[in-house]
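Me: I would like to learn how to read salt bridges in a model. Please give the general idea and then the case at hand.

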Amino acid sequence: MQNSIDERIEQRRDKLMNSVKEIFGDDISDAKVHYSTKSFVYDYSDEFIIKVDEISGDEKQFSALLDYMTELKRSCPEICAPVRTLAGKTYEKVEFEDRTLTVTKFEKAKGELLRGNMLNADHAYAVGDVLGKIHEYSIKLNKDNRAVIRPSFEDEIKRIEAILGKDFVKQYYDETAIIQIKNLIENVRKIEKTQSNFGLIHNDFTFYNYFVDDNRIRIFDFGDCGYGYFMYDIAILFLSWISKPDANAMLDVKGNLELLLPAFRKAYEKHKLEH
């Protein structure tokens, strides 16, 4: 998988190591490195990780996300929040050859990825509780008229519409499919946005982005966080459970989604999202 930062950074770990030592006082010389398409993660202790990203857009959005996560942590202890630098900042920039990188320290998620034998009512309740806290805090921001500089659902819709207008799309979708997609977009646009159904969401709330530790949930990777319908987070979560390779066998034993949804809903609605 091609990394947008590329492996030159890891090959020059000594340069980055010195920067991390200066910024956070931490030694990543023996860290394991995990690559994704957008970032590097250095796993160097039982408590924390160092995340390195390339600035690719509005830096204000990146900074706003870290500030939001820091605030959210007070209401939702289950999130893996950023840790301040020695200078008290949420992140620091490092110049590396021809690019500017951001270096951030995060709490490390304890536990492991969801396995099929964990997917039961207790698990659904725990996840519903976490997502309820996140959405409840978003509603508070709405009521306080506090906006966070993050992308919106409308930005994504406009991006999709622009793609649908490209000639290459016809290689993958016929005219009927394109019309159906456009109609779906228009129907979604008609859904009323209220303080209690639309706000800042995780936007990628799947089992890949939380760890399970004795039925305790630790949620991470808020990189796609933006404004959208709260229902989207819920839909993506359940879709990820249904599509998980080893989950279906467990659902057959436990009684399918009719077992999970009531437990999730009971925990989620504890947070009185309609008030």
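The dialogue below goes through salt bridges in this predicted model.

Me: What counts as a salt bridge, and how many are found in the whole structure?
Reply: The criterion is a side-chain nitrogen of Lys or Arg within 4 Å of a carboxyl oxygen of Asp or Glu. A search of the whole structure finds 20 salt bridges.

Me: Which residue forms a salt bridge with D43?
Reply: The partner is K108, and the closest N and O atoms are 2.8 Å apart. D43 belongs to strand β2 (residues 39-43), while K108 sits in the loop between β6 (99-107) and α4 (121-143), so the pair ties together parts 65 residues apart in sequence. D43 is partly exposed at 21% relative accessible area, and K108 is partly exposed at 22%.

Me: Where do K133 and D129 lie?
Reply: Both are in helix α4, four residues apart, which is about one turn of the helix.

Me: Is K133 buried or exposed?
Reply: Buried means under 20% relative accessible area. K133 has 15% and is therefore buried; D129, at 13%, is buried too.

Me: Which residues are linked with K133 in a network of salt bridges?
Reply: The network links K133 with E78, D129 and K270.

Me: What is the N to O distance between R265 and E269?
Reply: Their side chains meet in a salt bridge at 2.8 Å. R265 is exposed, with a relative accessible area of 52%, whereas E269 is partly exposed at 45%.

Note on methods:
Residues numbered from 1 in each chain as written. Predicted model: local features only at pLDDT ≥ 70, side-chain atom pairs only at ≥ 80, totals over all residues. Heavy atoms only, no water. Helix = DSSP H or I, 4+ residues; strand = E, 2+ residues; numbered from the N terminus. Buried < 20%, exposed > 50% of the residue type's maximum accessible area, 1.4 Å probe, protein only.
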